[in-house]
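Subject: Structure for your files

Hello,

Here is the structure I said I would send. My notes on helix packing and salt bridges follow below it.

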Amino acid sequence: MQTTLPHTASWCPCKPLGRPFTAAAPSARSQQQYTRRKAKASCLHTTNDTSHQSQSQHSQEPIYHIADEVPRPSAPSANASSPVPLPYVAAAAGLALTYFALKKVFDTPSRAYKENVGDEYDSWTDDGVLEYYWGEHIHLGYYSEEERQKGYKKKDFKQAKLDFVDKMLKWSGANNPSKVLDVGCGIGGTTRILAKNFPNAQVQGITLSKSQVKRGGELAAEQGLSNCSFQVMDALHMDFPDDTFDLVWACESGEHMPDKKKYIEEMTRVLKPGGTIVIACWCQREETPEAPLTPTEKEQLQFLYDEWAHPYFISNLEFGRLMEGTGKLQSVEVEDWTQPTIDSWRHSIWVGVFDPWIVVFKGPVVWYRTVREIVTLERMHRAFDRGLMQYGMMKAVKSDTSQPKQAASEAALSKK
């Protein structure tokens with residue numbers, strides 16, 4: 001026979017006692033739980049009227065359990081995201097601000113042309129970094145198609161410059177000149193090569209940089225050369241008499257000239273009749289009514305002008321027209337040597353990556369300048385790669401009669 005505890009309207013043995021659960025002694029708690037379980041069983045199974053009535057009455061009241069009284073942590077929502085700790089937010093914001101600040105600095109040109117070319121080259125020569133990496137030649141190198149296929153970094157960077165001089169000399173067609181002028185000679189790398197190739201010639205190098213003249217003379221003395229010399233002189237106002245040189249050589253000096261027409265005319269003036277003029281120059285693409293420069297291209301060119309003291313660039317075809325316009329040059333030829341020279345830009349960056357120590361030991365000022373040079377070298381590569389820039393090669397012969405021979409020149413230009 002099962003004994004059940006009576007249910008009343010005010011009390012049910014299934015409900016917890018009013019006192020806190022933790023206040024009960026262990027033995028009382030165990031007894032209470034046992035009593036409740038038995039009473040609950042009675043509530044569910046008793047069939048007499050009184051118990052049924054009480055059970056019905058009880059079934060309308062909520063049943064409480066201890067677990068319901070204990071607060072539980074809610075499970076995180078599947079879509080909810082944990083808040084990012086404040087230090088990480090501050091760090092990310094700091095990095096973003098630093099990035100945009102540096103981008104602003106390096107997107108702003110720092111050496112616009114202000115008749116300051118000589119000063120800039122004095123600085124580049126005095127710190128020694130440019131000579132350390134580029135050697136005696138401050139111009140691009142030449143990479144054959146086979147060398148490019150193998151990978152330009154496999155070629156010696158300085159040897160590529162020597163190869164360029166050899167290719168340019170062969171292309172010029174110069175034949176045993178007795179007097180040679182190197183316009184914009186730098187520290188005289190090409191001047192000395194020409195002096196070695198033509199030992200019976202007198203080779204003169206001119207530049208706007210006093211430091212380059214000094215360094216060029218030092219290197220000539222070290223190499224035992226007595227048939228070359230250097231002096232500071234403006235290529236637009238040369239002191240030489242008319243018809244002085246058999247070969248006028250200008251490698252990457254035209255970029256800095258504020259008057260390209262005067263530049264061509266002055267070199268033509270000092271060239272002997274029958275003599276050869278040969279020019280290598282960074283050029284921008286030809287602009288036509290059908291293909292004008294876009295606003296983006298103009299902005300990109302302006303940076304290249306203003307970062308390395310360039311007043312402006314012109315196209316290789318415009319150089320050809322200026323040469324014909326002198327009325328004294330014949331057999332004008334123009335070529336685009338972008339492909340064999342373009343690897344020089346990134347190669348010059350990699351030589352610094354492989355051997356950074358001269359820069360590391362120079363201090364913060366040189367670090368900053370070097371980073372700026374890397375940014376500009378990469379910009380140059382991209383400009384040449386997109387066709388915005390071209391590597392122009394131009395040559396001509398001065399007419400003996402000083403009369404233009406337009407037919408041959410125009411035929412050469414029309415092929416480009």
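**Salt bridges and a helix pair**

Lys155 has a relative accessibility of 11%, and since buried means under 20%, Lys155 counts as buried. Please keep in mind that this is a predicted model. The partner of Lys155 is Glu147: their side chains form a salt bridge, with 2.8 Å from N to O. Glu147 is partly exposed, at 26% relative accessible area.

A second salt bridge joins the side chains of Glu297 and Arg285, at 2.9 Å from N to O. Glu297 sits in helix H12 (residues 295-307) and Arg285 in the loop between strand E5 (271-284) and H12, so this pair ties together parts that are twelve residues apart in sequence. Both partners fall under the cut-off for buried: Glu297 has a relative accessibility of 18%, and Arg285 has 15%.

As background, side chains of opposite charge can pair when their charged atoms come close. The count for the model comes to 19 salt bridges; the ones above are those I have notes on.

Now the helix pair. Helix H15 (residues 343-354) packs against helix H17 (residues 364-386) at an angle of about 155°, and their axes are 8 Å apart. Angles over 145 degrees count as roughly antiparallel, so H15 and H17 are roughly antiparallel to each other. The crossing of H15 past H17 is left-handed. On the H15 side, the contact is made by Trp345, Arg346, Ser348 and Ile349. On the H17 side, Ile374, Leu377, Glu378, Met380, His381 and Phe384 take part. Sorted by class, the contact has six nonpolar, two polar and two charged residues.

Regards

Notes: Residues numbered from 1 in each chain as written. Predicted model: local features only at pLDDT ≥ 70, side-chain atom pairs only at ≥ 80, totals over all residues. Heavy atoms only, no water. Axes fitted to C-alpha atoms, helices over the stretch in contact; angles between N-to-C directions. Helix = DSSP H or I, 4+ residues; strand = E, 2+ residues; numbered from the N terminus. Parallel < 35°, antiparallel > 145°, perpendicular 65-115°, else oblique. Left-handed = near helix turned anticlockwise from the far one by under 90°. Contact = heavy atoms within 4.5 Å. Nonpolar A, V, L, I, M, F, W, Y, C, P; charged D, E, K, R; others polar. Salt bridge = Lys/Arg side-chain N within 4 Å of Asp/Glu carboxyl O. Buried < 20%, exposed > 50% of the residue type's maximum accessible area, 1.4 Å probe, protein only.
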